[in-house]
Amino acid sequence: MDNKRLLNTFLDLVKIYSPSKNEINVLNYIKDRLDKLKIKYILHDHCSDYGGNTPVLIAKLDKNEKGKNLKKISLCAHMDVVEPCFEVKPYIEDGLVKTKSNTTLGADDKAGVSCILEILETLIKENLAHNDIFAIFTPSEEIGLLGAKSIKWNEISKEFLPVKDMIVLDNANGVDEVAMQGPCMYVIDVTFKGLSSHAGIEPEKGKNALFAMCKAISKMKIGRLNDHTTSNVGSIISNFPTNVVPNECKIKMELRCLDEKEAKDNLDNYIEIFKSTAKEFDIECKIDVEYDYPPLKQIDNGVLLKNVLKAYKNIGIDAKGIKIGGGCDANIFLKDGFNSVAVGVGMYKMHTTDEYLVISDMENTTKAMLNYICKD
Ligand SMILES: [Zn+2]
């Protein structure tokens, strides 16, 4: 592998503006690199379903003769970056890449994209032994895993159907942590509808939806429920003058849990509180629940995880499998039978304007993945 080329790829990529739903120029960059290496790929296009402009790209590097007994693998990274990400101005300092602009850096997940491009180029240029390698580049991960969700596997030709062992290059923090378990998530929208009245003249004729909603929330345990369950109320909207009894209040909340059954129990408990509180205040209650994604878990008895940890060990890094609190494309792929882990690529403080990349982490994960691919 070529560390300089890897870093240059990363610097090229972060300078390309690519917020969610508008990753087309990153896609073009990837296509250009794949074309130069004569790697075949398909574009799988359902992005108009959610108003995006960029298809999913699935590339395949066919096995070579000396690699036919090695492990097949699918690699995955996302092309979009959290805003603000316009005109990123990267610079290097003490082994880190930071940005002078008041933006995110976009190491999340352009570090992952860079690693995959470097892996493919190294396999070809150094004529290394490898089995079939698939690379999946997704759009609009940051706004609800929309690119991954848009994939219809039954429309993809057999040749490009990725193998079910998948490494997602999109984990935060150090490369010594490999995400093997993550929560499922529910998003819950609740609307309370009461009755307006003049707050000074006849408040008793009103039904205060805002007050009822606050009562409902006050009965709930919110935040960290236990070591594997969290919940949060993100917004509450009810905007009336002080002399009007509010007849409407809307909230939006989320619930995450590593265990699907327990998540459902917690969800049912929340719903019950909303309903009974609405009843107490004699107001209407409308609840919309979206099961945003299933949990990330290992469905192969830990074989993939063991091999990934071994690859890190082989390059001198003592990595361990960890539980994480966020979701990524791996959660969506699991529904379709993929078994995934998410590896670190050196991104820190992501989703903030203090985001930075640890260059050696990006190099080490690239090296470890090559080790995974090329060694028995
Ligand atoms: Zn990411």
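Val-341 touches Ile-167, Val-178, Ala-179, Met-180, Leu-304, Leu-305 and Val-308, when residues up to four places away in sequence are left out of the count. In this predicted model, Val-341 is also listed, together with Leu-75, Ile-116, Ile-167, Leu-169 and Val-308, among the residues with the most contacts inside the largest nonpolar core. The protein around it has 376 residues, of which buried residues make up 45%, and its C-alpha trace spans about 85 × 45 × 40 Å along the principal axes.

**Nonpolar cores**
- The largest nonpolar core has 90 residues, and its largest share, nine residues, comes from helix H3, which covers residues 107–125.
- At least three residues of this core are drawn from each of domain 1 and domain 2.

**Domains and their contact**
- The domain assignment divides the protein into domain 1, made of residues 3–182 together with 296–374, and domain 2, made of residues 184–293.
- The centres of domain 1 and domain 2, taken over C-alpha atoms, are separated by 38 Å.
- Where the domains meet, eight residues of domain 1 are in contact with six residues of domain 2, and the side belonging to domain 1 consists of two nonpolar, five polar and one charged residues.

**Ile-332 and its surroundings**
- Ile-332 is placed in helix H8, which runs over residues 329–335.
- Ile-332 counts as buried because it has 25 C-beta neighbours inside 10 Å, where the cut-off for a buried residue is 20 or more.
- Leaving aside residues up to four places away in sequence, Ile-332 touches Leu-145, Ala-148, Lys-149 and Tyr-293.
- Lys-297 lies 35 residues from Ile-332 in sequence, and the distance between the two in space, from C-alpha to C-alpha, is 11 Å.

**Overall make-up**
- The protein contains nine helices and 16 strands.

Key: Residues are numbered from 1 along each chain as its sequence is written. This is a predicted model: local features need pLDDT of at least 70, side-chain atom pairs count only at pLDDT 80 or more; totals for chains, interfaces and linings use all residues. Domain bounds come from an automatic or database domain assignment. Two residues are in contact if their C-beta atoms, placed from the backbone, lie within 7 Å. Ala, Val, Leu, Ile, Met, Phe, Trp, Tyr, Cys and Pro count as nonpolar, Asp, Glu, Lys and Arg as charged, and the others, Gly among them, as polar. A nonpolar core is a set of buried Ala, Val, Leu, Ile, Met, Phe, Trp, Tyr and Cys residues joined through C-beta atoms within 7 Å. A residue is buried if 20 or more other C-beta atoms lie within 10 Å of its own, exposed if 12 or fewer, and partly exposed in between; C-beta atoms are placed from the backbone. Helices (H or I, at least four residues) and strands (E, at least two) are DSSP runs, numbered from the N terminus.
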